[in-house]
Amino acid sequence: MVEEAKNLLDWSQWGRQWIEHLRRHKTLNRELERHLHKFEETFTVIGRQASKLDSTTESDELPVLITRAEQVQEQFHHFLRLAQLSEDEHLEGEVREPVQESMNAQPAVAEEVQVPVEPEPVSYPGAREPVRAARPVAVGRHTLPPLPYAYNALEPYIDEATMQIHHNKLHQKYVDDLNTAERKLAEARESGNFDLVRHWARELAFNGAGHYLHTIFWPSMSPNGGGTPSGDLAAAINRYFGSYDAFKRQFSQAAEKVEGPGWAILVWSPRAHHLEILTAEKHQNLSQWDVIPLLALDVWEHAYFLAYQNQRDKYVENWWNIVNWPYVEERFEKARKLRWEPY
Ligand SMILES: [Fe+2]
């Protein structure tokens with residue numbers, strides 16, 4: 001079977017796992033349950049159609065199916081947001097309409113199923129990426145990723161009340177404020193008024209970094225977690241840190257000694273080709289994690305003071321005359337190949 005068809009099967013299972021998860025952990029009204037049932041049928045149908053592509057690797061059906069899956073995934077993200085917000089009554093109306101619209105375009109695939117197949121019993125969704133060519137997140141349209149296990153699943157290590165507040169309230173706030181910052185900056189581009197760009201750039205960094213780090217944080221834990229890494233990651237840890245114990249000691253020390261609120265983060269450096277342990281104060285100061293730099297401008301005084309003295313604006317203006325765009329384009333081409341599930 002071609003790789004894309006396998007991805008579609010994974011994606012189908014991923015969707016049905018989320019549905020199972022929502023039914024277990026969310027309060028769904030009849031309207032939401034009706035949509036959920038349609039999504040369930042569609043995930044099942046696309047999975048079944050992908051499984052039939054086994055002997056027809058040259059079929060034209062595959063790209064059609066992938067496009068359909070991407071559409072369904074985008075609609076499902078709207079639905080997930082609706083399901084999350086349905087607990088906040090004042091916001092329910094705001095997002096009902098796009099889901100209705102998207103669902104109206106949906107039944108074409110579902111109707112092809114003669115006998116709907118009940119999804120197999122599943123546990124909790126994994127962190128796998130179901131469709132590699134997932135649609136981008138539009139300006140101000142980030143969503144809270146559902147928790148991939150029950151709120152009490154990490155007890156006794158992390159209590160249910162903490163998880164509820166941390167995920168449902170705090171992470172949701174980062175998502176909301178990131179969306180606001182993106183929309184305000186879009187308005188600034190439209191009007192040409194950048195008076196508040198520093199403020200919104202700070203909001204973008206704090207809330208974006210908070211959203212992205214928490215999106216990594218939740219699936220980095222599991223009720224079945226623990227133990228030690230294996231395979232290539234274990235080898236890379238041993239190679240760079242000397243041993244797993246040495247890595248664990250440094251990571252723990254780094255985490256304990258962050259000044260104020262922050263994070264300890266194991267990272268891969270595409271430049272140095274090795275792992276590293278970094279820390280972040282708050283979430284950002286003043287960047288977003290989970291992004292790859294494409295173009296960088298040094299505005300330390302050492303970069304321009306001899307020629308421009310205090311006129312940083314002149315230096316910045318002139319700098320545009322020497323940007324090496326082919327290099328930036330090359331970095332973009334490489335970076336764009338890395339895609340995580342959009343939230
Ligand atoms: Fe947090």
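**Note on a predicted model: helix packing, cores and backbone details**

1. Ala335 lies in helix 12, which covers residues 325–335; helices here are DSSP runs of H or I with at least four residues, strands are runs of E with at least two, and both are numbered from the N terminus. This is a predicted model, in which local features need pLDDT of at least 70 and side-chain atom pairs count only at pLDDT 80 or more, whereas totals for chains, interfaces and linings use all residues. Residue numbers start from 1 along each chain, as its sequence is written.

2. To stay with Ala335, this residue is partly exposed because 14 other C-beta atoms lie within 10 Å; a residue is called buried with 20 or more other C-beta atoms within 10 Å of its own, exposed with 12 or fewer, and partly exposed in between, the C-beta atoms being placed from the backbone. Ala335 is in contact with Ile292 and Leu294 once neighbours within four places in sequence are left aside, where contact requires that the C-beta atoms, placed from the backbone, lie within 7 Å. Between these two partners in sequence sits Pro293, whose C-alpha is 8.9 Å from that of Ala335 although 42 residues separate them along the chain.

3. As for the overall arrangement, the protein has 12 helices and two strands, which follow one another in the pattern α-α-α-α-α-α-α-α-α-β-β-α-α-α. Of its 343 residues, 22% are buried. Among contacts with a separation of 6 or more, 69% join residues 24 or more positions apart.

4. The largest nonpolar core has 20 residues, and those touching the most other members are Leu8, Phe39, Ile46, Ala50, Leu65, Ala69 and Phe76; such a core is a set of buried Ala, Val, Leu, Ile, Met, Phe, Trp, Tyr and Cys residues joined through C-beta atoms within 7 Å. At least two residues of this core come from each of helix 1 (3–25), helix 2 (30–51) and helix 3 (61–85). Phe39, apart from its neighbours within four places in sequence, is in contact with Gly15, Ile19, Phe76 and Phe79. There is also a second, separate core of six residues, including Leu144, Tyr174, Val175 and Leu178.

5. Helix 6 (residues 160–191) and helix 7 (residues 197–217) have axes that come within 8 Å and cross at roughly 145°; the axes are lines fitted to C-alpha atoms, for helices over the stretch in contact, and the angles run from 0 to 180 degrees between N-to-C directions. Helix 6 passes helix 7 in a left-handed crossing, meaning that the near helix is turned anticlockwise from the far one by less than a right angle. Residues making the contact include Tyr174, Val175, Leu178 and Lys184 of helix 6 and Val197, Trp200, Leu204 and His211 of helix 7. By class, nine residues of this contact are nonpolar, six polar and four charged, where Ala, Val, Leu, Ile, Met, Phe, Trp, Tyr, Cys and Pro count as nonpolar, Asp, Glu, Lys and Arg as charged, and the others, Gly among them, as polar.

6. Lys184 belongs to helix 6 and is partly exposed because it has 16 other C-beta atoms within 10 Å.

7. Helix 8 contributes Ile237, Asn238 and Phe241 to the contact, and helix 9 contributes Tyr244, Ala246, Phe247 and Gln250. Five of these residues are nonpolar, two are polar and none is charged.

8. The peptide bond from Glu155 to Pro156 is cis, with omega near 10°, and Pro156 sits in the loop between helix 5 (107–110) and helix 6. His273, a residue other than glycine, has a positive phi near 60°; it is in the loop between strand 1 (262–269) and strand 2 (274–281), and counts as exposed because it has 9 C-beta neighbours inside 10 Å. Lys282 likewise has a positive phi, near 50°, lies in the loop between strand 2 and helix 10 (305–308), and counts as partly exposed because it has 15 C-beta neighbours inside 10 Å.

How values were computed:
Contact = placed C-beta atoms within 7 Å.
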